[in-house]
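Let's go through this model together, one question at a time. Have a look at the fold first.

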Amino acid sequence: MPVRYKICLLIDDNYIDNFVTRKILESGNFAEKIIVQQSPVDALAAMRQGLLKPDVIFLDIRMPAMTGFEFLEEYDKLDLDLENPVKIFMLSSSLDPTDMNNSRNSRHVAQFIHKPLTYEALEELST
């Protein structure tokens, strides 16, 4: 499978989830470079400073310093490249219907994916 993206950002506070997701993304040849951030606050700071310019983001919902939805609110304030929008996938273990609805209603979220990420789910992602 050819590489789909140049830079993939994985934002999740859980080390084990990051390890599993990263391995699946790597073996699925999903991106040239996979960057893991355990802090959504740090990820936003790097993006604001221009140090991090991902093509795609996998974003957890439930994180201690900032939720995935709070991240999206702050992300919305960034100076975005409207011609090349970043594709954001919510990757969460949440079964809360409100989380799924909020994901579907976000203009930035391409898809909600249940953890753990699987090869099958990776293959089915909208491109």
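**Helix packing**

Q: How are α2 and α3 oriented to each other?
A: This is a predicted model, where local features need pLDDT of at least 70, side-chain atom pairs count only at pLDDT 80 or more, and totals for chains, interfaces and linings use all residues. Residues are numbered from 1 along each chain as its sequence is written, and side-chain values use heavy atoms, without hydrogens and water. The axes of α2 (residues 40-48) and α3 (residues 68-75) come within 10 Å and cross at roughly 15°. Angles under 35 degrees count as roughly parallel, so α2 and α3 are roughly parallel.

Q: Which residues of α3 meet α2?
A: Contact means heavy atoms within 4.5 Å. From α2, Pro 40, Ala 43, Leu 44, Met 47 and Arg 48 take part, and their partners in α3 are Phe 71, Glu 74 and Tyr 75.

**Two backbone details**

Q: Where is Asn 29, the residue with phi near 55°?
A: Most residues other than glycine have a negative phi. Asn 29 has a positive value, near 55°. Its place is the loop between α1 (15-27) and β2 (31-37).

Q: What is omega for the peptide bond from Lys 115 to Pro 116?
A: Pro 116 sits in the loop between β5 (109-114) and α5 (119-124). Helices here are DSSP runs (H or I, at least four residues), as are strands (E, at least two), numbered from the N terminus. The bond from Lys 115 to Pro 116 is cis, with omega near -5°.

How values were computed
Axes fitted to C-alpha atoms, helices over the stretch in contact; angles between N-to-C directions. Parallel < 35°, antiparallel > 145°, perpendicular 65-115°, else oblique.
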